[in-house]
Structures are given as C-alpha cells and as structure tokens.
Amino acid sequence: MAGSLMINTERSAAEMRGLLGFAHGLGLDEATVREIYKTVGRESAAADFSGDERLAEVRKWMLAAARKETSAES
C-alpha cells in the first residue's frame, strides 16, 4: 500500500510539473492549476478516466480558464 501511494505521489508531482509548464505558456498561476487539477481529479475518479483522459481534461479546463482570464482583461 505504501509503495502505491509513493508511486501515485511521484506521478502526481510529475504531472503537476508538466501542467505548470503548460500553464506558464497560457499565463495561468500555480494556484489556478492546482485547483483545476484537484477538481478534475475528483471528477475523473468518479467517471473512471484513464490517466491520459484525466490530463486531457485538465488541459481543457486550463485552456478555458485562460480564455476566461483573457476575455476579462479586455
């Protein structure tokens, strides 16, 4: 059990590093990315998404957040 928790933690950390790089290009802050990651994580667990599907969903939410911030600045 502890081994799988460590693997999940390491995977989450690696995913977050990649997502933060993507977020930087979109102009999103880390707090926004973390909130999206947690929210999508909860929803994807209930929907039984694969890891790739979950990350794709996180990126979609990030794109939507970036569009929303851009339109609010206009």
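Figure 1. The model is predicted, so local features need pLDDT of at least 70 and side-chain atom pairs count only at pLDDT 80 or more, while totals for chains, interfaces and linings use all residues. Residues are numbered from 1 along each chain as its sequence is written, and side-chain values use heavy atoms, with hydrogens and water left out. The accessible surface of the chain comes to about 5200 Å², and carbon and sulfur atoms hold 58% of that surface (Shrake-Rupley method, 1.4 Å probe; for residues, only the protein chains shown count as cover). The secondary structure consists of three helices and zero strands, in the order α-α-α from the N terminus (DSSP runs numbered from the N terminus: helices are H or I, at least four residues; strands are E, at least two). Among contacts with a separation of 6 or more, 54% join residues 24 or more positions apart (contact means heavy atoms within 4.5 Å).

**Figure 2. Helix α2 and its buried residues.** Helix α2 covers residues 30-47; its 18 residues should span 26 Å at 1.5 Å a residue, and the end C-alpha atoms are 25 Å apart, which agrees (the expected span is 1.5 Å times one less than the number of residues). Buried positions in α2 are Val33, Ile36, Tyr37, Thr39, Val40 and Ser44.

**Figure 3. Asp48, after α2.** Asp48 follows α2 and is found in the loop between α2 and α3. Its phi is positive, near 60 degrees, in a residue other than glycine. Asp48 counts as exposed because its relative accessibility is 67%.

**Figure 4. Helix α3 and its buried residues.** The 23 residues of α3 (residues 51-73) reach 33 Å from first C-alpha to last, close to the expected 33 Å. Arg54, Leu55, Val58, Met62, Ala65 and Ala66 are the buried residues of this helix.

**Figure 5. The largest nonpolar core.** This core has 13 residues, and those with the most contacts inside it are Leu19, Leu28, Val33, Ile36, Val58 and Met62 (a nonpolar core is a set of buried Ala, Val, Leu, Ile, Met, Phe, Trp, Tyr and Cys residues joined through side-chain atoms within 4.5 Å). Two or more residues come from each of α1 (2-26), α2 and α3; α3 gives the most, with five. Val33 touches Met16, Leu19, Leu20, Ala23, Leu28 and Met62, leaving aside residues up to four places away in sequence.

Definitions and conventions. Buried means under 20% relative accessible area, exposed over 50%, partly exposed in between (1.4 Å probe, protein chains only).
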